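Have your viewer open and follow along.

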Amino acid sequence: MLRYVALVIAGLVVAEPAAAQTTWRIERGATDISFVTRRFGAVVATGHFTHYDGTLALDFDRPERSRIRVTIETGSLQAGSALMDGFIKGESMLDTGRYPTASFTSAAVIRTGDRSLEIRGQLTIRSITRPITVMAVVDGDIDRARRGEKLPFQANGTFLRPAFELGREVNVVDDAVELVIKGQLAR
């Protein structure tokens, strides 16, 4: 019995402190996931996705322990007109019939300021996976969020269309596509 008690005490002393991770989800209806394309600096096309899901295991004290996964239904794209929607959803671009989802999975989360993070991860579009860096800023009070309140945030990252074989023959927009997420997280 004494040996059992000693093992339990040793386990408690040696054990790593419990992670302060909290699981959050991207709140639908209060979040906009969109894209922006430009040509010579002028905005050419914008659109947003209406169906998505995101799970975030966040550790505010040790962000490097955080894990983020976001999945977007590519067919939920709305770009402002049926013609534009059809083109972007079509075979030369997203090809939503063959590739119904796009996703992002974090690999590293690094604090860059009191309320800002650099999130390095993998973006998958058309079954092609490439690295991307996303910059995120928390707009709300982190202490209140720890107590259960919703957490407003913004995030953005840029990728190159050719890396994902998007619109190889398209020359009316630059290669860079900016992803923008503005919304809030809830438990």
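## The second largest pocket

Which residues lie nearest the centre of the second largest pocket? They are Phe35, Thr37, Ile88, Met93 and Val177, out of 24 residues that line this pocket. The elements that give two or more residues to the lining are β2 (32-39), β3 (42-49), α2 (82-89), β8 (116-125) and β11 (176-186). By class, the lining of the second largest pocket divides into 21 nonpolar residues, two polar and one charged. Here Ala, Val, Leu, Ile, Met, Phe, Trp, Tyr, Cys and Pro count as nonpolar, Asp, Glu, Lys and Arg as charged, and the others, Gly among them, as polar.

The space in the second largest pocket is about 350 Å³. A pocket is an open set of points on a 1 Å grid over the protein atoms alone, where a 1.4 Å probe fits and protein lies on both sides within 12 Å along at least five of seven lines; lining residues have an atom within 4 Å of a point. A volume is the space filled by probe spheres set on the points, with grid points joined across faces, edges and corners.

## About the model

This is a predicted model, in which local features need pLDDT of at least 70 and side-chain atom pairs count only at pLDDT 80 or more, while totals for chains, interfaces and linings use all residues. Residues are numbered from 1 along each chain as its sequence is written, and side-chain values use heavy atoms, with hydrogens and water left out.

## The largest pocket

The largest pocket has a volume of about 580 Å³. Its lining holds 38 residues, and Leu56, Ile68, Ile119, Ala136 and Ala155 lie nearest the centre. That lining divides into 27 nonpolar, six polar and five charged residues.

## The chain as a whole

The secondary structure comes to three helices and 11 strands, where helices (H or I, at least four residues) and strands (E, at least two) are DSSP runs numbered from the N terminus. Along the sequence the pattern reads α-β-β-β-β-β-β-α-β-β-β-α-β-β.

Of the 187 residues in the chain, 42% are buried, meaning under 20% relative accessible area with a 1.4 Å probe and protein chains only. The chain exposes about 10800 Å², with carbon and sulfur atoms supplying 55% of that area; accessible areas come from the Shrake-Rupley method with a 1.4 Å probe. Among contacts (heavy atoms within 4.5 Å) with a separation of 6 or more, 57% are between residues 24 or more positions apart.

## Strands around β8

Let's return to β8, where eight of 10 residues are buried. Two strands pair if DSSP finds at least two bridges between them. β8 pairs with β7 (residues 101-111) in the antiparallel sense over eight bridges, and Ile110 stands opposite Glu118 in β8. A hairpin of four residues joins β7 to β8.

With β9 (residues 128-138), β8 forms 10 bridges, and the two strands run antiparallel. Gln122 stands opposite Pro131 in β9. The hairpin of β8 and β9 has two residues between the strands, and Arg126 takes a positive phi near 55° there.

## Strands around β3

β2 and β3 pair in the antiparallel sense over seven bridges, with His48 in β3 as the bridge partner of Ser34. Their hairpin has two residues between the strands, and Phe40 takes a positive phi near 55° in it.

β3 also pairs with β6 (residues 77-78), in the antiparallel sense over two bridges. Leu77 in β6 is the bridge partner of Phe49.

Technical notes:
Buried means under 20% relative accessible area, exposed over 50%, partly exposed in between (1.4 Å probe, protein chains only).
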